[in-house]
Amino acid sequence: VIGGGINGVMTAWELAKKGHTVSLFERKKLFSETSSATSKLIHGGLRYLEFGHFSLVFQALKDRAWWLKNAPEFVHPARFIVPIYKGFSRSRLSLYVGVKAYQYLATNNSLGPSEWHSVKAVLKMAPELQSSGLLGAVSYFDAQMDDVALGDWLKSQILAGGVTVREDVAISRIDSIGNLFLDDGQKINFDMIVNVAGPWAKQLLDISLVGCENDLELIRCSHLVIDREISSAFVFQNKKDGRIIFALPMKNQMLVGTTEISHLLENENQCSWDEEKYLLDVINTYFQRKVLSSEVVGKYSGVRPILKSGIKKLSALSRETLIEKENRLISIFGGKWTTSPSLARSVANLI
């Protein structure tokens, strides 16, 4: 298995549980790249309903239940508030229908009722919100995670399961007949190779001169860590472009994200000043007390591999994952934290 992010780790673990002898290769440390730069959510993807990705949301909600059952120390339910203001892009009716559909898609795995809240009730739950123009709010349940602690737990699980973890080992190329070539010139042959290198999956195939049917759209997603406590997890709509921004409580601070910027692997992966300003402008539309730049105590960016489909609007791109197999090589296109358990099972079943 090539790639020590969440999908690589979960795939290695599932294969080991099936009785295979597994080696996991990571060029840096496990969870050191994209998987460490997320919004720290285990979620079904409420906003994906807007673009008709119902099967993806249904599967993600099943996977959310898997995480809550198997890692309750690191994943916990939370109520998310979506305040609604006069003049914003989505109507009260569409948002209420959306959160109720989200609840029903979870079936027996629902974490609680999606609800409508009056202005008075919203300001009681979230007194930091602007009252001017407020029409009320809808709310729904999802889950937040401690990704660092969860990553440590998963590493202990795969080691206990017999997976050989090879960190700080770079791979120069692979082929479709099971050969893996390290940067030091060493060649190792495996019965199967799973290329689950996230944003680098297509690049590895290109370097190796291995053809494939799919391609990736790489998107840089940036977050801010703000030294301010908030009363709840919020979902904000950007009045200008309609995008969704999260403001999440995180260890007495606030995590805000995310942007979506087309990215090239050769470019620097960091939150730009324009992205910081964009996120601050959105949340300052909602909070009574403006967040100042001086309150930003951290920022980070991650590159998400999204299946390329020709759609120009980045937020509308499907977060679905495709598995491509050629002889003894399996390559994964896409993938995310929440759906990694079902992806791992699909790979193991294919093998």
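Me: Strands here are DSSP runs of E with at least two residues, helices are runs of H or I with at least four, and both are numbered from the N terminus. Between which strands is the loop where asparagine 327 is found?

Reply: We're looking at a predicted model, in which local features need pLDDT of at least 70, side-chain atom pairs count only at pLDDT 80 or more, and totals for chains, interfaces and linings use all residues. Asparagine 327 isn't a glycine, yet its phi is positive, at about 60°. The loop that holds asparagine 327 runs between β17 and β18.

Me: And what is the relative accessible area of asparagine 327?

Reply: Buried means under 20% relative accessible area, exposed over 50%, and partly exposed in between (1.4 Å probe, protein chains only). Asparagine 327 counts as partly exposed because its relative accessible area is 45%.

Me: Asparagine 252 has a positive phi too. What is the relative accessible area of asparagine 252?

Reply: Asparagine 252 sits in the loop between β13 (244-250) and β14, with phi near 65°. Asparagine 252 is classed as exposed because its relative accessible area is 56%.

Me: Moving on to the peptide bond from glycine 257 to threonine 258, what is its omega near?

Reply: Threonine 258 belongs to the loop between β14 (253-257) and β15 (261-262). The bond from glycine 257 to threonine 258 is cis, and its omega is near 15°.

Me: Now for helix α8. Which of its residues are buried?

Reply: Helix α8 covers residues 340-350. What covers its buried residues includes α1 (6-17), α2 (54-70), β10 (193-195), β17 (322-326) and β18 (329-333). The buried ones are Ser340, Pro341, Ser342, Leu343, Ala344, Val347 and Ala348.

Me: At roughly what angle do the axes of α1 and α8 cross?

Reply: Axes are lines fitted to C-alpha atoms, for helices over the stretch in contact, with angles from 0 to 180 degrees between N-to-C directions. The axes of α1 and α8 come within 8 Å, and they cross at roughly 50°.

Me: So what does that make α1 relative to α8?

Reply: Angles under 35 degrees count as roughly parallel, over 145 as roughly antiparallel, 65 to 115 as roughly perpendicular and the rest as oblique. With a crossing at roughly 50°, α1 is therefore, relative to α8, oblique.

Me: Which residues of α8 meet α1?

Reply: Contact means heavy atoms within 4.5 Å. On the α1 side, the residues are Ile6, Asn7, Met10, Thr11, Glu14 and Leu15. In α8 they meet Ser340, Pro341, Leu343, Ala344, Arg345, Val347 and Ala348.

Me: How do the axes of α2 and α8 cross, at roughly what angle?

Reply: These axes also come within 8 Å. α2 is roughly perpendicular to α8. Gln59, Asp63, Trp66 and Trp67 in α2 meet Ser340, Pro341, Ser342 and Arg345 in α8. The axes of α2 and α8 cross at roughly 100°.

Me: With which side chain does the side chain of asparagine 179 make a polar contact?

Reply: Asparagine 179 lies in strand β8 (residues 179-182) and is buried, with a relative accessible area of 7%. Not counting residues up to four places away in sequence, asparagine 179 touches Arg173, Ile174, Lys187, Ile188, Asn189 and Ile193. A polar contact is a pair of N or O atoms within 3.5 Å; within protein, one must be able to donate a hydrogen and the other to accept it, and residues adjacent in sequence count only if both atoms are side-chain atoms. At 2.8 Å, the partner is asparagine 189.

Me: Which backbone nitrogen does the side chain of serine 35 reach?

Reply: Serine 35 is in the loop between β1 (23-25) and β2 (41-42), and is buried because its relative accessible area is 10%. Leaving aside neighbours within four places in sequence, serine 35 is in contact with Gly5, Ile6, Asp147 and Trp337. At 2.9 Å, its side chain reaches the backbone nitrogen of isoleucine 6.

Me: Last one: leaving aside neighbours within four places in sequence, which residues is alanine 170 in contact with?

Reply: Alanine 170 has its place in the loop between β6 (164-166) and β7 (171-174). Alanine 170 is partly exposed, with a relative accessible area of 29%. Its contacts are Arg27, Leu182 and Asp183.

Technical notes:
Residues are numbered from 1 along each chain as its sequence is written. Side-chain values use heavy atoms; hydrogens and water are left out.
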